[in-house]
Amino acid sequence: MVAFTEEHQAFRKTVRAVVEREIDPYVDAWERDGRMPTHELFGKLGELGFLGLEYDPAYGGGGADHLFSVVLAEEIGRADAAGVGMAIAVQTDMATPSLHRYGSEELKQTYLTPAIRGEIVTAIAVTEPDAGSDVAGLKTRAVRDGDHWVIHGSKLYITNGVEADWLCLLARTSDEGGARGISQIVVPTDTPGVSVSRKLDKLGNRCSDTAELAFDGARVPIANTIGREGRGFQQQMSQFQNERMVACYGRVGACERALDRTAAYLRTREAFGGPLIKNQYLSYQLADLYARLDMCRHYNYACAEAYMRGEDTSRFATIAKLAIGRLCEDVARTCLQYHGGLGYMEETWTARFLRDMRITSIGGGADEVMLQVIAKMHGM
């Protein structure tokens, strides 16, 4: 068992209380509106220190160990709408890790510090119309012009893209093909030539805004390059590991709550002369899902411990994402099924949960890509 301390457990109670007070009462309205007050919510989370738990205190971070991030993700994952956790995870573990690891002092003071405080919203701009899981195929170009990059191209499916104040943009900065010649660049969204082409209408996670972005001659300083020019692909691959890890932590929290809610419903739903929970098939199916959930939870914890030891967690993150993505689909389908006709109604949490969980096997690398990575690890 991973060594959660009393401090970790106290933090868990704090986060759960924040979810119950600041998120769950409002998510129905946010889902109907297709947006949430991201700046307002992040401001509250920033004041509580939630947005930079492991980051250097010099930039407003908490200097905490990785288990605090595990706890945060698990508890945010229990929220009534998964889109909230998605937006938060972009801020904490998708758009900012590279900046914290590789960014210059000036970049960190200018862009990381206010992000940790929740004063600004961030987004990660990688995916393009013709380059999703195949990151090396991206076409957005940044051409050097004196002391500036001039950026042309587009990005698609960008979470927080409508609300974002700056982007961690992945762009091609040389004529080298494939993964070579790609750089990460901080791009403020108020830069002339940066625009939101459209806000996208999604199947699930509807309260989290997702956008298509356009870059038409946008000029940003060369100094906005994160880390080494031409090393953006490698830096982004490292950043993807944070994304996959925190997504897996959060989904364990989401699935646990869903199973608990379904078991509670079956205890009260009377049919065929007794509560449905007495039906052996139903109870065994839930038991099987609880068992798989426990395996995933402790695999996550093993990943977290390896990460804290400074080990490469690529294998952990890849396998966890594959397994938990499949678990999410099975849990969502089963929970809706066991609520019967009620589960098919929009007024019941099961419908939203089914929609929200589907992205787990797509975003951050599709299942097929995870299988490809695992196959390569085994020399296949």
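I first checked the hand of the α8 and α9 crossing and found it left-handed (the near helix is turned anticlockwise from the far one by less than a right angle). The model is predicted, so local features need pLDDT of at least 70 and side-chain atom pairs pLDDT 80 or more, while totals for chains, interfaces and linings use all residues. Residues are numbered from 1 along each chain as its sequence is written, and side-chain values use heavy atoms, without hydrogens and water.

I then looked up the axes: those of α8 and α9 (residues 280-308) come within 10 Å and cross at roughly 155°. That makes α8 roughly antiparallel to α9 (over 145 degrees). In the contact (heavy atoms within 4.5 Å), α8 residues including M245, Y249, V252 and L259 meet α9 residues including L286, L289, L293 and R297. I noted the classes for this contact as 17 nonpolar, three polar and three charged.

Next I took the second largest pocket, with a volume of about 380 Å³. Here a pocket is an open set of points on a 1 Å grid where a 1.4 Å probe fits, with protein on both sides within 12 Å along at least five of seven lines, and lining residues have an atom within 4 Å of a point. Of its 23 lining residues, D80, A81, W349, R352 and F353 are the closest to the centre. α2 (27-33), α8 (232-268) and α12 (349-357) each give two or more residues to this lining, and α12 gives the most, with six. I recorded the lining as eight nonpolar, two polar and 13 charged residues.

How values were computed
Grid points are joined across faces, edges and corners, and a volume is the space filled by probe spheres set on the points. Helices (H or I, at least four residues) and strands (E, at least two) are DSSP runs, numbered from the N terminus. Ala, Val, Leu, Ile, Met, Phe, Trp, Tyr, Cys and Pro count as nonpolar, Asp, Glu, Lys and Arg as charged, and the others, Gly among them, as polar. Axes are lines fitted to C-alpha atoms, for helices over the stretch in contact, and angles run from 0 to 180 degrees between N-to-C directions. Angles under 35 degrees count as roughly parallel, over 145 as roughly antiparallel, 65 to 115 as roughly perpendicular and the rest as oblique.
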